[in-house]
Amino acid sequence: MVLAAEPFLICSMAIETQKIRDSKILVIDDSEDLSPLYKMFLQTNGFGDISIAGSLEEAIEKIADNNPFDLYITDAAYPLKRNRPEDKQAWINLYEHLKKTIRNFDPDKLLVVSAYNLKKDVESLGLSFLSKGEGTFFDDLVDWVKLRTS
């Protein structure tokens, strides 16, 4: 028996799949070990347009070249410029840049990740936080992205 709602469900699933595939995501993390994993986990889950930046300088260049991304995932600490020491407050600089350059920037589109316990600091600004120390980190990351792209 075919239900009348089946075509609607199939159509809405196709639209959701297309939205996920078309979402532009910028990941800012200077870790050469983790950056490919972000891309792999997100692409495995259907997200196709993933850009990686290893510094704030590179992230700003990518934002300027690509217009706003749909979502931003940033490590809390990374270099502000290529080949410079790590800045433990880099995520705040990115957040300030996004607020200045993107009209009506939605803080819900920025996820801060860190091995440091910055949850209280990050959430006090209305941003989302995930701990890299959790065993379910990549699953939680994919869930966060899916929630914001559907």
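Biologist: At roughly what angle do the axes of helix α2 (residues 35-44) and helix α6 (residues 137-149) cross? Please go on from there to the helix contacts and nonpolar cores elsewhere.

Modeller: Keep in mind that this is a predicted model. The axes of α2 and α6 cross at roughly 55°, and they come within 10 Å of each other. Angles under 35 degrees count as roughly parallel and those from 65 to 115 as roughly perpendicular, and α2 and α6 are therefore oblique to each other. Their crossing is right-handed. On the α2 side, the residues that take part are Leu37, Tyr38, Phe41 and Leu42, and they meet Phe137, Phe138, Leu141, Val142 and Val145 of α6. Sorted by class, this contact has nine nonpolar residues, with no polar and no charged ones.

A second pair of helices, α3 and α4, can be read in the same way. The axes of α3 and α4 come within 11 Å and cross at roughly 20°. With angles under 35 degrees counting as roughly parallel, α3 and α4 are therefore roughly parallel to each other, and their crossing is right-handed. Here Leu56, Ile60 and Ile63 of α3 meet Asn93, Leu94, His97 and Leu98 of α4. By class, the contact of α3 with α4 has five nonpolar residues and two polar ones, but no charged residues.

His97, which lies in helix α4, deserves a moment of its own. Because buried means under 20% relative accessible area, His97 counts as buried at 18% relative accessibility. Leaving aside residues up to four places away in sequence, His97 touches Ile60 and Ile63.

From these helices we can move on to the cores. In soluble globular proteins, nonpolar side chains tend to be buried together. The largest nonpolar core in this model has 23 residues, of which Leu26, Tyr72, Leu94, Leu98 and Leu110 touch the most other members. Two or more residues of this core come from each of β1 (24-28), α3 (56-66), α4 (90-101) and β6 (110-114), and the largest share, five residues, is given by α4.

Notes
Residues numbered from 1 in each chain as written. Predicted model: local features only at pLDDT ≥ 70, side-chain atom pairs only at ≥ 80, totals over all residues. Heavy atoms only, no water. Axes fitted to C-alpha atoms, helices over the stretch in contact; angles between N-to-C directions. Helix = DSSP H or I, 4+ residues; strand = E, 2+ residues; numbered from the N terminus. Parallel < 35°, antiparallel > 145°, perpendicular 65-115°, else oblique. Left-handed = near helix turned anticlockwise from the far one by under 90°. Contact = heavy atoms within 4.5 Å. Nonpolar A, V, L, I, M, F, W, Y, C, P; charged D, E, K, R; others polar. Core = buried A, V, L, I, M, F, W, Y, C linked by side-chain atoms within 4.5 Å. Buried < 20%, exposed > 50% of the residue type's maximum accessible area, 1.4 Å probe, protein only.
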